[in-house]
Amino acid sequence: MTSHTLHRNGYSLSTLEYGEGDPVVLLHGFPFDGVMWDAQIAALQETYRVIVPDLRGFGTSTLAADDVGAGVDMRSYADDVAAALDEMGVDQPLTLAGFSMGGYVAWQFALHYRDRLRALILCDTRAAADAPEAQHGREKMAEACLDNRSSAPALEMLPKLLAPETLEQRPEVVDAVREMIERASPQAIAAAQRGMARREDVRHLLGEIDVPALCLVGRYDVISPIAEMQDMAATLPQGELVEIPAAGHMTVIENADAVSDAILAFLQQ
Ligand code: MLT
């Protein structure tokens with residue numbers, strides 16, 4: 001494993017790199033960090049060069065002074081990823097996997113760095129923008145986390161992230177997800193919520209993203225529901241959908257092996 005830190009305009013980006021081979025970049029969701037991909041890193045690093053950034057403010061990456069007030073938009077996260085890849089000398093076409101918020105970032109990367117992309121993996125994510133009510137909820141959470149100087153208000157997400165069966169029968173998974181939320185910084189949560197609230201609706205742009213695209217969705221995902229991901233896969237010129245059983249939104253953790261197997265099968269196609 002190699003660790004890279006890129007310093008940019010008042011903030012820093014940490015990226016971990018594993019293995020050798022064609023590059024596969026894994027973008028985490030909100031409010032998590034690269035650790036959420038641990039099981040997939042283990043499965044992929046024998047064959048691929050696996051690159052796992054912590055998005056700005058999360059994990060060991062930091063924020064710029066005005067990121068909390070202004071929010072970090074999805075394009076800025078995508079520009080950060082491109083800059084980190086430049087710094088690491090990654091110049092071959094890459095496969096980019098984005099989980100949920102990482103998927104919002106992946107759309108921006110696909111739209112603005114198309115020539116760097118070999119394939120996309122969209123994991124439990126959406127192409128639509130937020131409705132006004134959801135935007136309002138994000139601002140409320142941002143303010144609550146900042147006021148409390150804690151990520152605890154973000155724990156309200158927990159019941160929606162996991163399948164009912166996971167919540168009832170797999171306390172170790174619930175605890176692992178809770179711990180990931182608890183270690184996120186309130187500032188990173190606020191910056192990301194404000195950026196996600198004003199993210200672009202990219203549904204009308206999906207037809208332009210003409211690369212092989214694997215869409216993965218948990219059978220019980222209520223945040224990026226199956227019907228929405230079916231539309232996404234059908235609209236992407238080379239889209240395919242794989243449903244992950246025994247999982248809600250957190251597929252990469254709730255059914256890590258099924259996600260790794262689906263990614264490996266797609267990469268080997
Ligand atoms: C995520 O898992 O990244 C979030 O659920 C995305 C969101 O809040 O829209």
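Helices, which are DSSP runs of H or I with at least four residues, and strands, which are DSSP runs of E with at least two, are numbered here from the N terminus. Residues are numbered from 1 along each chain as its sequence is written, and side-chain values use heavy atoms, with hydrogens and water left out. What we have is a predicted model, in which local features need pLDDT of at least 70 and side-chain atom pairs count only at pLDDT 80 or more, while totals for chains, interfaces and linings use all residues.

Let me start with helix H5, residues 132–148, and helix H9, residues 186–197, whose axes come within 8 Å and cross at roughly 165 degrees; the axes are lines fitted to C-alpha atoms over the stretch in contact, and angles run from 0 to 180 degrees between N-to-C directions. H5 and H9 are therefore roughly antiparallel, the word used for angles over 145 degrees. On the H5 side the contact, meaning heavy atoms within 4.5 Å, includes Arg138, Met141 and Leu146, and on the H9 side it includes Ile189, Gln193 and Met196.

Arg149 counts as exposed at 74% relative accessibility, where exposed means over 50%, buried under 20% and partly exposed in between, with a 1.4 Å probe and protein chains only.

Is the other residue of this kind that I want to show, Asp124, buried or exposed? Asp124 is buried, with a relative accessible area of 0%, and it sits in the loop between strand E6 (117–123) and H5, with a positive phi near 45 degrees. Among the residues that Thr251 touches are Asp124, Cys123 and Phe99, and Thr251, in helix H11 (residues 251–254), is itself buried at 0%.

Finally, the aromatic pairs, of which a search of the whole structure finds 2; rings of Phe, Tyr and Trp (its six-membered ring) pair if their centres lie within 6.5 Å, and planes under 30 degrees apart count as stacked, over 60 as edge-to-face and the rest as tilted. The rings of Phe30 and Phe58 have centres 6.3 Å apart and planes at 85 degrees, so this pair is edge-to-face. Phe30 is buried at 7% relative accessibility, as is Phe58 at 1%. Phe30 is also joined to Pro31 by a cis peptide bond, with omega about -5 degrees, and Pro31 lies in the loop between E3 and H1. Most peptide bonds are trans, and most residues other than glycine have a negative phi.

Key
Parallel < 35°, antiparallel > 145°, perpendicular 65-115°, else oblique. Lists of a residue's contacts leave out its neighbours within four places in sequence.
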